[in-house]
Amino acid sequence: MSLSYKFQINLLVTISYIVLFVFQQHFIIPIQEQFFSFGIMSGSLIFFPHGIRVLSIMLGGMWILPGLFVAHLVTAVYHLDVLNYTEVFIRAVLSMISICLPYYLLNLKEISLKNILMMALLSSLLNSLFQSLYLQISTINLDPNLIFSYLIGDLLGCLTIFYFIKYIKNLYISFSSKN
């Protein structure tokens with residue numbers, strides 16, 4: 001695989017993650033806040049970018065990490081009110097660890113719903129634990145619902161993106177077979 005191809009795929013992953021994150025912030029979060037009064041600090045009950053994290057690592061392996069890392073840095077700077085670059089970096093590293101550990105631990109050879117669920121669940125658990133522990137340690141007032149919202153949001157976001165891609169693939173196959 002050429003360096004140019006890897007760069008293009010990383011760029012696609014970065015842009016996809018950022019676009020879904022912005023969509024998340026300006027569409028999903030406002031809708032969610034209409035129904036829930038507990039004020040989720042930085043979690044969502046459906047977090048689409050986690051689907052990009054899981055599926056891109058499962059499809060491309062570890063060479064996708066630079067694109068994901070850049071996307072995390074960009075979206076963290078976009079999301080935080082105060083530009084605390086140490087926090088931005090730490091939270092991006094924690095997100096990378098939460099996606100790399102399951103990839104290595106599970107050693108999945110094929111992409112199936114079962115494997116995606118295992119990868120999504122384990123990475124969601126790790127991400128919710130790491131991010132919540134970091135917020136607790138850094139003396140940010142931790143909302144008890146945050147761990148729950150990270151876990152559910154990451155898992156539902158991953159499944160939504162998986163089924164969306166599967167639907168698009170089926171549409172493409174159906175369209176191709178008619179021509």
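The legends below describe an overall view and several close-up views of a predicted model. Residues are numbered from 1 along each chain as its sequence is written, and side-chain values use heavy atoms, with hydrogens and water left out. Because the model is predicted, local features need pLDDT of at least 70 and side-chain atom pairs count only at pLDDT 80 or more, whereas totals for chains, interfaces and linings use all residues.

**View 1. The protein chain holds six helices and zero strands.** Helices (H or I, at least four residues) and strands (E, at least two) are DSSP runs, numbered from the N terminus, and read along the sequence the chain follows the pattern α-α-α-α-α-α. Of its 179 residues, 40% count as buried, where buried means under 20% relative accessible area, exposed over 50%, and partly exposed in between (1.4 Å probe, protein chains only). The accessible surface of the chain comes to about 10,200 Å², of which 71% belongs to carbon and sulfur atoms; accessible areas come from the Shrake-Rupley method with a 1.4 Å probe, and for residues only the protein chains shown count as cover. Among contacts (heavy atoms within 4.5 Å) between residues at least 6 apart in sequence, 73% join residues at least 24 apart.

**View 2. Asp154 forms a salt bridge with Arg53.** The closest N and O atoms of this pair are 3.6 Å apart, a salt bridge being a side-chain nitrogen of Lys or Arg within 4 Å of a carboxyl oxygen of Asp or Glu. Asp154 lies in helix α6 and Arg53 in helix α2 (residues 49–60), so the pair ties together parts that are 101 residues apart in sequence. Asp154 counts as buried at 2% relative accessibility, and Arg53 is likewise buried, with a relative accessible area of 2%.

**View 3. Within helix α4 (residues 85–106), Arg91 and Glu87 lie four residues apart, about one turn of the helix.** Arg91 forms a salt bridge with Glu87, their closest N and O atoms being 3.4 Å apart, and the structure holds two salt bridges. Arg91 is buried, with a relative accessible area of 12%, and Glu87 is buried too, with a relative accessible area of 11%.

**View 4. His72, in helix α3 (residues 65–79), is shown with the residues that it touches.** His72 counts as buried at 6% relative accessibility. Leaving aside residues up to four places away in sequence, His72 touches Tyr17, Arg53, Ala92, Ser95 and Met96. Arg53, one of these residues, is also the salt-bridge partner of Asp154. Val93 is found in helix α4 and counts as partly exposed at 27% relative accessibility; the C-alpha atoms of Val93 and His72, which are 21 residues apart along the chain, are separated by 8.7 Å.

**View 5. Tyr103 and Tyr104 form an edge-to-face aromatic pair.** Rings of Phe, Tyr and Trp (its six-membered ring) pair if their centres lie within 6.5 Å, and planes under 30 degrees apart count as stacked, over 60 as edge-to-face and the rest as tilted; by this rule the count comes to six aromatic pairs. The rings of Tyr103 and Tyr104 have their centres 5.9 Å apart and their planes at 70 degrees, so the pair is edge-to-face. Tyr103 counts as partly exposed at 25% relative accessibility, whereas Tyr104 counts as exposed at 58%. A further edge-to-face pair is formed by Phe162 and Tyr163, with 5.1 Å from centre to centre and 65 degrees between the planes; here Phe162 is buried, with a relative accessible area of 13%, while Tyr163 counts as partly exposed at 40% relative accessibility. Elsewhere, Phe23, Phe27 and Phe48 form one aromatic cluster.

**View 6. A nonpolar patch on the surface is formed by Phe164, Ile165, Tyr167, Ile168 and Leu171.** Together these residues have about 510 Å² of accessible area, and Phe164 is found in helix α6 (residues 145–178). Patches are made of residues with over 30% relative accessible area and no salt bridge, like charges being joined within 9 Å and nonpolar side chains (Val, Leu, Ile, Met, Phe, Trp, Tyr) within 5 Å.

**View 7. Cys100 and Cys158 are both buried.** The relative accessible area is 14% for Cys100 and 0% for Cys158. The structure holds zero disulfides, a disulfide being a pair of cysteine sulfur atoms within 2.5 Å.
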